[in-house]
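Q: I am new to protein structures and would like to learn how to read one. Could we go through it feature by feature?
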Amino acid sequence: TEIYTLSLHDALPISLELLSAFNPHHSPLHFGLWRLNRQSAAATTLRGPPCSFNPSDLRRCPTLIFLHAPQRAATARNFRAVAMLYALLVLTAAAYYVFSSIARIRANLVAAKASGLPYVIAPVFGYDRIWNALEPLFFPLIRRLPTSLRDPWCMLVGVNYAWEYRFAPFAQTGNTFIVVSPVKNILATVDADVINQITSRRNDFPKPIQLYDILEIYGQNLLTVEGKEWRKHRKITAPPFTEQNNRLVWKESIFQAGQMLKTWKTKKANGDKERRGMGAIVDGLAKDSMRMTLHIISRAGFNVRCVWPGLKDDRADDEDVIKSGEVPEGHRMSYVDALQTILHLIIVALLVPDWLLRTVPIAAFRRTRMAYIEWGKYMAEMYEKKRREILSSKCSHDDSGLDLMGAMIRGSGQIPGT
């Protein structure tokens, strides 16, 4: 019996005579239909006598694909061969990674022993981006290993190990030790004298800026540069962090806290009858606290005041006031939503490349990319607005220390006389 498999990209009407033309020996003919909407029809067995067949009919149905039984067997063999090839490639890559990691660990172990300090061998580098992304998947499995196989190295390779385990790894190994990994050796210490020497001798202990380039989401910043560039960034960003700025933060904190309480009272006044006797019920304290924090950062960092939904500010007509939740023209997200989203999904924005954010149909990826683009637009607009105000002398020089954006513009050297 010869078996023919018929694949269609659309539901085309096929006559029994056309199918019988390919079945001259009156053998059972099995076929299936695969539609564009991915709904398949049930398989059917047909028998029919031979008939005349015009090859021009095939041109009208160019999507017909017929596979004889010997061809299907050959295809199955080819599929198994390709699967074995891919499996071999994966195993080869895994073996290469294991052996190369062992070789690098041995080389780093020699350097660690030469230091004379205690050391801990870790099979992974705690600051590797791939490991950071896969850590939530592997850590539950690692924790199931016997203590002798996972401690103390597993307490030293997590993203938040210092917060989660605190002094535990140092209690086992000592106040100062080296973590030996396949990539680099890391010095871990809780000794105050050692920390003082490292922080006071910047030239002898520079930052590993190659590990910080992931933070250049909008360009270079104080964390991602070192040496001459660091001093330049430090000179520009240091002036706003003064007592004058602290006073602004304190005043804005009081204002935003008052706005938050007013929104809670508004919820009480507009609440259901069953809930009015219970006072104001706050459903999302964490969300409101985050919003208040972002509003304070906006005022202190960019001199932009945000007001809460449904409330008005005394300066409601001032162009420096942004109504929280409103989407201005030319934007797809509100000012606060863009800032809140980019901070909430910052790990996605840092670890996932832009082409993947753009192509993969995952809601978190799409929202992260939109927030990244929208917040970049808001910053560009605020920069141009502040720059025009400084050039037109609308901002007095006494305000130079009040917001970070203004101080950065004045310290950039682009404004004459600054």
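Q: In which sense do S4 and strand S5 pair, and over how many bridges?

A: Keep in mind that this is a predicted model. Here S4 and S5 (residues 185-189) pair in the antiparallel sense, over 5 bridges. To see one point of the pairing, find Val 180, which stands opposite Asn 185 in S5. Then follow the chain from S4 to S5: a hairpin of 4 residues joins them.

Q: Which strand pairs with S4 in the parallel sense?

A: That is strand S3 (residues 119-121), which pairs with S4 over 3 bridges.

Q: How do I read where the side chains of a strand point?

A: Here is the general idea: in a regular strand, side chains alternate between the two faces of the sheet. Now try it on S4. Thr 176, Ile 178 and Val 180 point one way, while Phe 177 and Val 179 point the other way.

Q: How many residues of S4 are buried?

A: Strand S4 (residues 176-180) is mostly covered, with 5 of its 5 residues buried. So the residues pointing either way from S4 are buried, since each has under 20% relative accessible area.

Q: Let's turn to charges. How many salt bridges does the structure hold?

A: The general idea first: side chains of opposite charge can pair when their charged atoms come close. This structure holds 10 salt bridges. One of them joins the side chains of Arg 129 and Asp 213, at 2.2 Å from N to O. Arg 129 lies in helix H4 (residues 129-142), and Asp 213 sits in the loop between helix H8 (192-200) and helix H9 (228-237), so this pair ties together parts that are 84 residues apart in sequence.

Q: Which residues form a network of salt bridges?

A: Glu 252, Arg 299 and Arg 305 are linked in such a network. Within it, the side chains of Glu 252 and Arg 299 meet at 3.5 Å, N to O. This pair links distant parts of the chain, with Glu 252 in helix H10 (residues 243-269) and Arg 299 in helix H12 (residues 285-302), 47 residues apart. Both Glu 252 and Arg 299 are buried.

Q: What does the largest nonpolar core look like, and how many residues has it?

A: To read a core, look for buried nonpolar residues joined through their side-chain atoms. The largest one has 18 residues, and those with the most contacts inside it are Phe 302, Tyr 335, Trp 375 and Met 382. The elements giving two or more residues to this core are H12, helix H13 (335-344), helix H16 (363-391) and helix H17 (404-411). Apart from it lies another core, of 17 residues, including Val 124, Phe 139, Val 157 and Tyr 161.

Q: Which residues form a nonpolar patch on the surface?

A: Look for Val 82, Leu 85, Tyr 86, Leu 88 and Leu 89, which together have about 510 Å² of accessible area. One of them, Leu 85, has its place in helix H3 (residues 69-115). With a relative accessible area of 48%, Leu 85 is partly exposed.

Note on methods. Residues numbered from 1 in each chain as written. Predicted model: local features only at pLDDT ≥ 70, side-chain atom pairs only at ≥ 80, totals over all residues. Heavy atoms only, no water. Patch = residues over 30% accessible without salt bridge, like charges linked within 9 Å, V, L, I, M, F, W, Y side chains within 5 Å. Areas by Shrake-Rupley, 256 points an atom, 1.4 Å probe, with all protein chains shown as cover. Salt bridge = Lys/Arg side-chain N within 4 Å of Asp/Glu carboxyl O. Buried < 20%, exposed > 50% of the residue type's maximum accessible area, 1.4 Å probe, protein only. Pairing = 2+ DSSP bridges. Core = buried A, V, L, I, M, F, W, Y, C linked by side-chain atoms within 4.5 Å.
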